[in-house]
Amino acid sequence: MFPPFPTEQAHSYCRLIVSHLQTGALHLTQVSAPSEERDGHGVMIGVLVCAGKCGNEVVLYTVSGNSLVIEGCISGFIWVPPVVCADKIALALLPNDRRIHELTAELRAAPESDRRRISGERAALTDESLRAVHALYYFHCIDGSVRSLREICAANVFQSRCEKLPPTGTGDCCAPKLLDHAFSRGLLPVSMDEIYYGRSSDSRMCGTSYPPCDERCGIILPAMLGLTVVYRDENILVVNKQSGLLSVPGRGPEKQDCVVNRMKRLYPVTIEQPSAHRLDMETSGLMVLAFTAEAQRSLSMQFEKGQVQKQYVALLDGTLEHAHGLAVPPHGVTEGVMELKFALDWPNRPHQIYDEVNGKIEITAWEKLGYKWYRGSDGKNRKVTRILFTPHTGRTHQLRLASSDMHGFGLPIVGDSLYGKCGTGERLMLHAQYLSFIHPVTGARMEFTCPSPF
């Protein structure tokens, strides 16, 4: 993950803690048995600098895992304990612990004919224990809500349709601990950093900062922060917008939850109108926003002049060989360019309709990436087409129309509630996976890639 907050101030405090550990002013103390895989390894030391309700500085610190604590004190620093203590985790693991160990011993001595059965039983019990542990975790979020790990994972399943359990230790890293403590007390994050302390290895160097991990923190932090931060500096913010979230606020109180307002809540020093472009509510993927008026103006001009490069991945509901649109390519052709004209269908806003006379031209390059099987909300599998879209214009619903309209492919994107069909629990299978623009201050070409979750 990209660090969601500036790191410099917190890094200096991390270095101070390491210095105190090295001189013996602070001590790392084992409070429970370490796991076999972590035995002898170092820990991450995390610091979160916050602004209190009166604008005062609050410094929080912790370590990764739940088996170590830092004993001693630093004036003005607040120690943050684990979200779930080691004793509660041990209690949740207890019902299956003995049997799992027995099965592990059996597996080592078992003949090949029995190994699959034993391995399957052990895996089922391990998953059951892991779910029991996950059920203990609840996290305070920046919007004031408290969300369970199960709820957070369920939302990830909706976005990606992947039901894999999160890894062991999810919730025990420094970042979620620190942010949970801060949000539970109404503190506003200002700077956060994590530094490795312990024996150096090929993957970790003692005294070096590392960002929050993708494997565990990448599941929890977007839910806690409200945004998935892909890149951030003092001028711009790049996020991976989730499907179902508005890009900008709409009319009425029920349409105020959006990327822009979440950005302003997370980073209060933001201009009133930071957006330079938008994605449809149902579309996921990369968006760039600005912290300053100068950056916003530069980005907006780039979008207007067509200097921003974008690519989207979509799943079309069917195969091109069986499509009936006028732009369906001949057999064997796997790429092309569509030039179509669409206008707003006023009686049925926000729908767009094909209009050769009054419509605005929409230019879209496409490439067929292949086919895959998609399991719908009805539980049935159907064959869909994976398409890479490169829009050369930026019209409303451009890619959804190029897909669904009979002058295009005649195949709506899976989950399209406007131009196709969207089953219960489904989402629009359209994702902005690539974004490239000129940095408004440095002048450097910036490129971002965010793989499709489907």
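Biologist: How many aromatic pairs does the count come to?
Modeller: The count comes to 11 aromatic pairs. Rings of Phe, Tyr and Trp (its six-membered ring) pair if their centres lie within 6.5 Å; planes under 30 degrees apart are stacked, over 60 edge-to-face, the rest tilted. This is a predicted model: local features need pLDDT of at least 70, side-chain atom pairs pLDDT 80 or more, while totals for chains, interfaces and linings use all residues. Residues are numbered from 1 along each chain as its sequence is written, and side-chain values use heavy atoms, without hydrogens and water.
Biologist: What kind of pair do Y61 and W79 form?
Modeller: Edge-to-face, at 5.4 Å centre to centre and 70° between the planes. Y61 lies in strand 3 (residues 57-63) and W79 in strand 5 (residues 77-79), so the pair ties together parts 18 residues apart in sequence. Strands are DSSP runs of E, at least two residues; helices are runs of H or I, at least four; both are numbered from the N terminus.
Biologist: Is Y61 buried or exposed?
Modeller: Buried, at 3% relative accessibility. W79 is partly exposed at 24%. Buried means under 20% relative accessible area, exposed over 50%, partly exposed in between (1.4 Å probe, protein chains only).
Biologist: And what about Y137 and F139?
Modeller: Their ring centres are 6.1 Å apart and the planes at 20°, so the pair is stacked. Both residues are buried.
Biologist: Switching topic. Which residues form one aromatic cluster?
Modeller: F2, Y231, F437 and F448.
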